[in-house]
Amino acid sequence: LSTSRPGAALEGGSAPRTTAMPRAPPQSPALEQLGLEELHDLHSAVLLAVVRAHGVPAAISLVGASLQSLASAAALQKPSGIALSIASTSDRWRDAARAARELPDPWRTEVQVSTALGVRRRYDAASRTWTADAVLVRLERDPFARGGMRLCHRCKVLQSAQQGWHGAGTNFVAKEYAANEPDSVALLEADCRMQGQAKAFAMAFNAQRVPKPVDFVQCWMLALPGRGHFAVEPFLSGDFTKYSSNSGYVTDEIIRYTPHAFSHFTFEYSRGREIVVDVQGVGDMLTDPQVHTRSGEGFGRGNMGLRGMALFFASHECNPICKRLGLHPFARHAASSAATVPAATAAGEEVDPLALIVAPPARPIATAVESSERLHAPIHFALALLHARSVRSGDESLGPGVFATPARGLYHLAASAALGHLPAITALACLHSQVRPRKGVLAALADSLQRPLGKDETLATRYTMQAAEAGGA
């Protein structure tokens, strides 16, 4: 076992902390004779048992304590290079689990309400089915926090009679929508499905041997007679950080590669059908995400569809983890950096319109462009529409740090066409013919340049031929 993970330096971090020398109890020959795959299975079984008996937070504490012990032991070596004996794996896990169970309960005096019997429903993202069972809870009547649409209540969940109400893994947060929300049950179910889908993506992300794995807490539905419906998830103790939003915001206060690489990964892993954004939580234990879908359907009212995907890529800068995973960088205009200019100055932009147009590829689209890169085609088109709408309405930006100009809008339109996106190809054919395109707002991009995009029969013919080959009428 080793705590030196491949690529761990990618995330940065502080200098290692000095820890006390661990005591070295007798070896456990039975465990040492197991193969790596068998030890991995044993490790997974222990974690699953802790999660079922004591909850996710207890399992996290167990892993943290174990890694700290192993790191301490690995750092202590004799001059001859022979490692000192360390405690057997089973002893380490047992000590860590005991320490997790003995942590004080921060809500011991906060939740003083009667016990209620409720119905718990859990969503399985793999089978897309719900399972139900009974659960004993203690739920505060008054919320301890309020958001724009939801209220948060402290909630105790009885995991076992032996553990009682104040052991590790008994503290949860129960969320409900405001009383005037008619679709509250459907929205809560969408929240649970969304969290389950994000957790499935996290498992696929971690399987790529990333420097720092991520996870999402499990969320489930709770129905209480006389109280209504709630979405319940484990309480996360620690400093809560919001790494991104559902509309393109990416924090620059805390520089982290993993959360943003994870969002980029979900887009390519789903073949452009979905992307997980609004990444937030405590460390790499995340919660309350938002999923945008290419169709714009499902996953609640926060699903902004292609517009939400486009806003993410408008602000996302690929980092070393994106490169390590082989994710395709999203192409952007050269001016789409810190040195961007607002739309108010667009009329004075010195831009050669022809330089913005990406010529149609000489080879068929299927062989000229890698399949994963073609996933960006509808995103470029959505960004072109966003730039066009902002330019027409006089708005200076698409989102935080992303300024709108006709030059960048035309760039994304041309990039989408080069990737074989038929609506972009036909729009460029129309613009070069000085014909209003089907998406009329795109005309604002050609008309708002200092030198408006003029009629060009050569390019118009090339794009028209390309549209015909792609099946356009």
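Is Arg301 buried or exposed? Arg301 is exposed, at a relative accessible area of 54%. The model is predicted; local features need pLDDT of at least 70, side-chain atom pairs count only at pLDDT 80 or more, and totals for chains, interfaces and linings use all residues. Residues are numbered from 1 along each chain as its sequence is written, and side-chain values use heavy atoms, with hydrogens and water left out.

**View 1. Arg301 and Asp183 form a salt bridge.** The N to O distance is 3.5 Å. A salt bridge puts a side-chain nitrogen of Lys or Arg within 4 Å of a carboxyl oxygen of Asp or Glu. Arg301 sits in the loop between strand E13 (290-293) and helix H7 (305-315). Asp183 sits in the loop between strand E5 (171-177) and helix H5 (184-206), and the two residues are 118 residues apart. Asp183 is partly exposed at 40%. Buried means under 20% relative accessible area, exposed over 50%, partly exposed in between (1.4 Å probe, protein chains only). Helices (H or I, at least four residues) and strands (E, at least two) are DSSP runs, numbered from the N terminus.

**View 2. Asp278 pairs with Lys242.** This salt bridge spans 2.4 Å, N to O. Asp278 lies in the loop between strands E10 (274-277) and E11 (280-282), and Lys242 in strand E9 (residues 240-242), so the pair ties together parts 36 residues apart in sequence. Asp278 is buried, at 13%. Lys242 is partly exposed, at 35%.

**View 3. Glu140 meets Arg154 in a salt bridge.** The N to O distance is 3.6 Å. Glu140 occupies the loop between strands E2 (129-139) and E3 (145-146); Arg154 belongs to strand E4 (residues 150-157), 14 residues away. Glu140 is buried at 12% relative accessibility. Arg154 is buried too, at 19%.

**View 4. A salt-bridge network links Arg150, Lys175, Asp191, Glu233 and Asp288.** The whole structure holds 13 salt bridges.

**View 5. The largest nonpolar core has 24 residues.** Such a core is a set of buried Ala, Val, Leu, Ile, Met, Phe, Trp, Tyr and Cys residues joined through side-chain atoms within 4.5 Å. Leu410, Leu413, Leu428, Leu431, Leu442 and Tyr463 touch the most other members. Two or more residues each come from H12, H13 (406-418), H14 (422-432), H15 (443-447) and H16 (457-469). H14 gives the largest share, six residues. A second, separate core of 22 residues includes Ala202, Val214, Leu286 and Phe299.
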